[in-house]
Amino acid sequence: MNLAAAPPALGSAPPLDPQAVLELDNVTKIYGGEPPVVALDSVNLTIGAGELVGIVGPSGSGKTTLLHVMGTLDRPTSGRVSLTGLDVAEMSERQIAALRATRIGFVFQNFYLAEHETVLENVADGLLYAGVGTADRRRAAAEALERVGIAHRAGFHPNKISGGERQRVAIARALVGRPAIVLADEPTGNLDSTTGANVLALLKELNAEGATIALITHDRGLAGRLPRQVEILDGHIVSDSTQMPDPDSAMNRGIEHGSPQGR
Ligand SMILES: Nc1ncnc2c1ncn2[C@@H]1O[C@H](COP(=O)(O)OP(=O)(O)O)[C@@H](O)[C@H]1O
Ligand SMILES: [Mg+2]
């Protein structure tokens with residue numbers, strides 16, 4: 001099924017909050033069954049351009065459900081989700097697929113790379129539904145590999161590179177189409193602590209260069225190293241460390257990249 005082959009037709013829904021990359025307004029998600037599970041309960045969350053947000057909570061708190069709703073992989077039971085000012089509820093499945101393919105990058109714990117393709121081809125696949133020709137896809141993929149520091153692995157197959165390198169490939173694939181937001185679900189969950197720290201450092205670097213990233217984790221220590229932390233428990237957002245910065249200050253963060261923060 002190829003829902004997203006056509007270029008996105010996104011002009012129909014009116015912009016809601018043009019400042020926000022992602023906005024959840026009173027979002028509730030209930031899984032049917034006996035008994036029904038309220039996985040998200042009246043969640044309000046706004047992520048602005050240039051932010052790097054850690055969403056932290058224990059197992060079962062609703063993190064993956066939140067990521068699916070944020071990423072338009074699942075619709076909320078009630079409430080509104082808008083992406084770059086477009087209300088997802090007003091869009092057809094086809095429009096949503098196009099929106100997802102062009103404006104959201106996903107990074108998962110288990111990488112999800114195609115083993116029969118080279119690293120370069122995997123990254124180029126990130127542009128499959130963006131209406132970009134093969135040569136341009138490969139050129140953009142090479143640039144993205146450069147950006148994440150593994151250009152020298154372009155011709156390798158994923159089973160010939162390390163876990164940390166695999167996650168870098170997945171990050172390059174997520175970023176190659178310059179999406180409005182990257183959603184990462186436990187991106188360091190399958191990596192040893194040193195490799196995980198390096199992947200986190202890469203995400204921070206990409207954020208300093210302008211990428212908007214939401215990182216989902218059960219690891220408080222990891223979330224604590226991010227500029228904004230949102231805590232989720234039993235489907236509720238129970239704390240949010242900062243307000244949304246204005247886009248100008250997010251730009252400034254990039255210029256000031258390199259300020260001391262290690263310990
Ligand atoms: N497809 C589903 N059907 C029924 N219940 C689900 C489903 N997916 C998740 N849940 C339940 O919703 C709650 C939140 O799950 P999840 O979003 O996976 O949390 P987390 O990622 O934080 O572990 C849990 O109680 C889980 O059992
Ligand atoms: Mg989960």
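**Before you start.** You are looking at a predicted model, in which local features need pLDDT of at least 70, side-chain atom pairs count only at pLDDT 80 or more, and totals for chains, interfaces and linings use all residues. Residues are numbered from 1 along each chain as its sequence is written, while chains are lettered from A and ligands numbered from 1 in the order in which they are written.

**The whole chain.** Show the cartoon: the chain has eight helices and ten strands (DSSP runs numbered from the N terminus, helices being H or I with at least four residues and strands E with at least two). Of its 263 residues, 44% are buried (20 or more other C-beta atoms within 10 Å of a residue's own, with C-beta atoms placed from the backbone).

Next, find the open sheet of six strands, with mixed pairing and the order 6-7-8-3-9-10 (strands pair if DSSP finds at least two bridges between them). Its edges are strand 6 (104–108) and strand 10 (236–240), each pairing on one side only.

**The helices.** Now select residues 63–70: this is helix 1, lying across strand 3 (52–56), strand 7 (181–185), strand 8 (213–217) and strand 9. Finish with helix 5 (residues 163–175), which lies across strand 6 and strand 7. Contact here is counted when C-beta atoms, placed from the backbone, lie within 7 Å.

Key:
Buried ≥ 20, exposed ≤ 12 C-beta atoms within 10 Å, placed from the backbone. Contact = placed C-beta atoms within 7 Å. Axes fitted to C-alpha atoms, helices over the stretch in contact; angles between N-to-C directions.
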